[in-house]
Amino acid sequence: MKVIGAGVARTGTTSTKAALEELGFDPCYTFVTLFAKREHVDLWLAAYAGQPMDWPHLFADFRATVDWPACDFYEQLMAVYPEAKVVLNVRDPEKWYESMTNTIWWVHQEEVRAGRGPDTVSFSRLREVMIWQGFFGGKFLDKQHAIGAFERHIQQVKERVPRDKLLVFDVQEGWDPLCRFLNVAVPDKPFPRLFDTAAFREMIRSGGPRPAIPATAH
């Protein structure tokens, strides 16, 4: 593991995943990985329950992580991978909350109305533990509470990660800060811009991965 992503969803994590893989830090682990590795869902549920984790086994063959669920365990991962660098995706809090509301919360509400199928039960439980009850303490619709949780997470990462190991990164900055931080050349191509709100909803409408994917740019 060379890069640990400490930023939560809707802060450019999907774009950052694509950028890291372009830079050679591939494959990069994200929530979407769970759709191919469904056996990992119960492992993450165990992690959130405080059970010991075999992180090297979980992340075998992965060189980077972004987004939930790994971003909630950045400190544990730093201890296991002391040479890894940490990328903290950030975004304007108001825009972040609007994006969360129009994507991940929107899909959550759609699923509640439609009823969850048996293949989504474990994902729904993980999402509940990880996001709605975990990160937001059951108060996502309280905007100020939700934004406060977002801002506290960012502040805690800044306080707990050594400065020389941390990049506070807004994807609007493009390649330069990320490449300088990782000491790699800047690619001769545009920085990835993936999964804005419209693209997220279109993916869901077209029958893309479900349940809600807490990973995307804007």
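Mentor: Let us start with a definition: a charge sits over a ring if NZ of Lys or CZ of Arg is within 6 Å of the ring centre and within 35 degrees of the ring normal. This is a predicted model, in which local features need pLDDT of at least 70 and side-chain atom pairs count only at pLDDT 80 or more, while totals for chains, interfaces and linings use all residues. Residues are numbered from 1 along each chain as its sequence is written, and side-chain values use heavy atoms, with hydrogens and water left out.

Trainee: What makes Lys85 a residue that lies over the face of Phe181?

Mentor: Lys85 is at 5.0 Å from the ring centre of Phe181, and the limit is within 6 Å. Lys85 therefore lies over the face of Phe181.

Trainee: Why is Val66 called buried?

Mentor: Buried means under 20% relative accessible area (exposed is over 50%, partly exposed in between; 1.4 Å probe, protein chains only). Val66 has 2% relative accessibility, so Val66 counts as buried.

Trainee: Which residues does Val66 touch, not counting those up to four places away in sequence?

Mentor: Contact means heavy atoms within 4.5 Å. By that criterion Val66 touches Gly5, Thr13, Thr16, Lys17, Leu20, Cys28, Tyr29 and Thr30. Val66 and Thr13 are 53 residues apart in sequence, yet 6.0 Å apart in space, C-alpha to C-alpha.

Trainee: How many aromatic pairs are there in the whole structure, and what makes Trp105 and Trp132 an edge-to-face pair?

Mentor: A search of the whole structure finds 24 aromatic pairs. Rings of Phe, Tyr and Trp (its six-membered ring) pair if their centres lie within 6.5 Å; planes under 30 degrees apart count as stacked, over 60 as edge-to-face and the rest as tilted. Trp105 and Trp132 are 5.0 Å apart, centre to centre, with 80° between the planes, so the pair is edge-to-face.

Trainee: Why is that pair said to tie together separate parts of the sequence?

Mentor: Trp105 belongs to helix 7 (residues 104-114) and Trp132 to helix 8 (residues 121-135), so the pair joins parts 27 residues apart in sequence. Helices (H or I, at least four residues) and strands (E, at least two) are DSSP runs, numbered from the N terminus.

Trainee: What kind of pair do Phe169 and Phe191 form?

Mentor: Phe169 and Phe191 form an edge-to-face pair, at 5.9 Å centre to centre and 65° between the planes. Phe169, at 0% relative accessibility, counts as buried, as does Phe191 at 8%.
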